[in-house]
Amino acid sequence: MSSPVQIPFKSMVIIDRLLDTPVYLQIVHQMINAIQRGVLTPGIQLPGSRALSQELEVHRKTIIAVYDELNAQGWTEIKPNKGTFVSSKSPAKRSDSLKYNTEFLTSYPEQTGFHFKQNILLDKPSVSTGSVLEFTDGLPDIRLAPLDRLAKVYGGILKRKSSHKHFGYSHVEGNEYYRETLAHYLNNTRGLHITKRNILTTRGIHMSIYLASNMLIETGDLVVVGDLSYYVANMIFQEAGASIISVPVDEDGISVEAIRKLCETRKIRMLYLTPHHHYPTTVTLSAERRLELLSLSAQYGFIILEDDYDYDFHYNSSPVLPLTSADRHGMVVYIGSFCNSLAPGFRSGYLVAPEDLIQELGKFRRIVDRQGDMLMEQALGELLEEREIQRHLKKALKIYQERRDSFCQLLNAELGEYVSFAAPPGGLSIWTKWNPDLNLMRISKNCLAQHLHLPQKLLYQTENVTAMRLGFGNLTVSEMEQAVKILKQAVEKI
């Protein structure tokens, strides 16, 4: 049996008196850790309370409390007239005595000890930079969000005596009041004809696509997307087992003729669309093609997954109504969110479909996310009913239109010899086509050196395409001027 004197407890136990955790519990936790890792092996005798208190420079009563707690939890056993010993029932194996140090006791495995499937498909480059300026793919300006009003409404909900119901389990489809007000809002703004029973709340666009894909797609199913298309959606479809077929996109949106020819020879399960502003090129699907796609969907039985991620932002005229507003055969699954309308951190999305699918999706949603955020959804519902969100969008729309116009002017003035583009009728980004002899990755690196982040996901460079999707919504006019100046310098360096 090892003598307790041989174990350097001073190097095993580190006490931080600035922590909220009581000193005796800090010692208890670290001694348990030492037992679990085999440093303190079964049957070893621990020092007396006086000796250990002197070594650790704590009061003897602290060590007595430590031993009482270890004994209560079953890690040690007291032998009358002999002392305190590590329980002989501990399964830990003896460790190398040379590893009796803090580094060994506080380390965490760098890798698993078992095999698991690694998914390269879902890899997404994530670069954390210290850049003050950043081009996004079309995110809103969080500084414009009505945070004060949201905080007031949210706080008011917490203070109400009736709000206890929001802290328990509720409808898996989401907050009932919110779904009622949201249905009314969507009916008024998008020409829909739905009730709360047609809505499932989600944490955003991605969750909606994920739920729909895993419910509706089986291995080998064919999903049609535009060329180019939203990379995250494509990853989700492939992860669900789908085979993706891309079809051309022109100035009127996705090619209906190409889809028709596919349907004549192959069984299509789903068509994924971002019709209001196609991602990434920002073109709007024409009204004529929308009707043709609805007709094809009913004829050939394929699902239309309509991603309306930025319907609320349109500048030149009234937006074209979603396909789901004219769907008579129940072929369209419609998804949207307030993440772009307000701020990405709100994580409040929704999925609209016939009631039978909503019920089934609710079952699936229950196992990954029991329900929505009842309190936040209540707050959003009240903001909708008070028309606070509507007023915010009206004010924000004017600001974003001014930013779009300023950005277009800056691009023409500073980069006109390198880039061509069409001012988008809505949305928060511009699809810019660049001279094909330019290396976009090198431009991105040059920008980063000047503290402008131009993410790789915004760059599209192949044999046929040299383009960037540049978001302007998150930048003020003065920030745009700085960003475009840096972008110009980055291009001129090549």
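Which residues line the largest cavity? The points below start there.

1. Basis. This is a predicted model, in which local features need pLDDT of at least 70 and side-chain atom pairs count only at pLDDT 80 or more, while totals for chains, interfaces and linings use all residues. Residues are numbered from 1 along each chain as its sequence is written, and side-chain values use heavy atoms, with hydrogens and water left out.

2. Cavity. Gly253, Ile254, Leu273, Thr274, Pro275, His278, Val283 and Leu285 line the largest cavity. On a 1 Å grid over the protein atoms alone, a cavity is a set of points where a 1.4 Å probe fits but cannot get out, and lining residues have an atom within 4 Å of a point. The volume of the largest cavity is about 40 Å³, a volume being the space filled by probe spheres set on the points, which are joined across faces, edges and corners. One cavity of 30 Å³ or more is present in the structure. Its lining comprises five nonpolar, three polar and no charged residues for the largest cavity. Here Ala, Val, Leu, Ile, Met, Phe, Trp, Tyr, Cys and Pro count as nonpolar, Asp, Glu, Lys and Arg as charged, and the others, Gly among them, as polar.

3. Pocket. The second largest pocket has a volume of about 510 Å³; a pocket is an open set of points with protein on both sides within 12 Å along at least five of seven lines. Of its 20 lining residues, Val249, Thr281, Val283, Trp431 and Lys433 lie nearest the centre. Strand 6 (243-250), strand 12 (419-421) and strand 13 (429-434) each give two or more residues to this lining. Helices (H or I, at least four residues) and strands (E, at least two) are DSSP runs, numbered from the N terminus. The lining of the second largest pocket has 10 nonpolar, six polar and four charged residues. Val283 is named for this pocket and also lines the largest cavity.

4. Loop geometry. Most residues other than glycine have a negative phi, and most peptide bonds are trans. The loop between strand 8 (270-273) and helix 11 (287-300) holds Pro280, which is joined to Tyr279 by a cis peptide bond with omega of about 10 degrees. Thr282 lies in the loop between strand 8 and helix 11 and has a positive phi of about 70 degrees, although it is not a glycine. Another cis peptide bond runs from Asp227 to Leu228, with omega near 20 degrees. Leu228 is in the loop between strand 5 (222-227) and helix 9 (231-239).

5. Helices 6 and 13. Helix 6 (residues 147-159) packs on helix 13 (residues 374-385) at an angle of about 120 degrees, with the axes 9 Å apart. Axes are lines fitted to C-alpha atoms, for helices over the stretch in contact, and angles run from 0 to 180 degrees between N-to-C directions. Helix 6 and helix 13 are therefore oblique to each other, since angles under 35 degrees count as roughly parallel, over 145 as roughly antiparallel, 65 to 115 as roughly perpendicular and the rest as oblique. The contact (heavy atoms within 4.5 Å) includes Arg149 and Leu150 of helix 6 and Glu382 and Leu383 of helix 13. By class, the contact of helix 6 with helix 13 has nine nonpolar, one polar and two charged residues.

6. Helices 15 and 16. The axes of helix 15 (residues 440-449) and helix 16 (residues 477-492) come within 8 Å and cross at roughly 125 degrees. Helix 15 and helix 16 are therefore oblique to each other. Ile443, Asn446 and Cys447 of helix 15 meet Ile486, Leu487, Ala490 and Val491 of helix 16.
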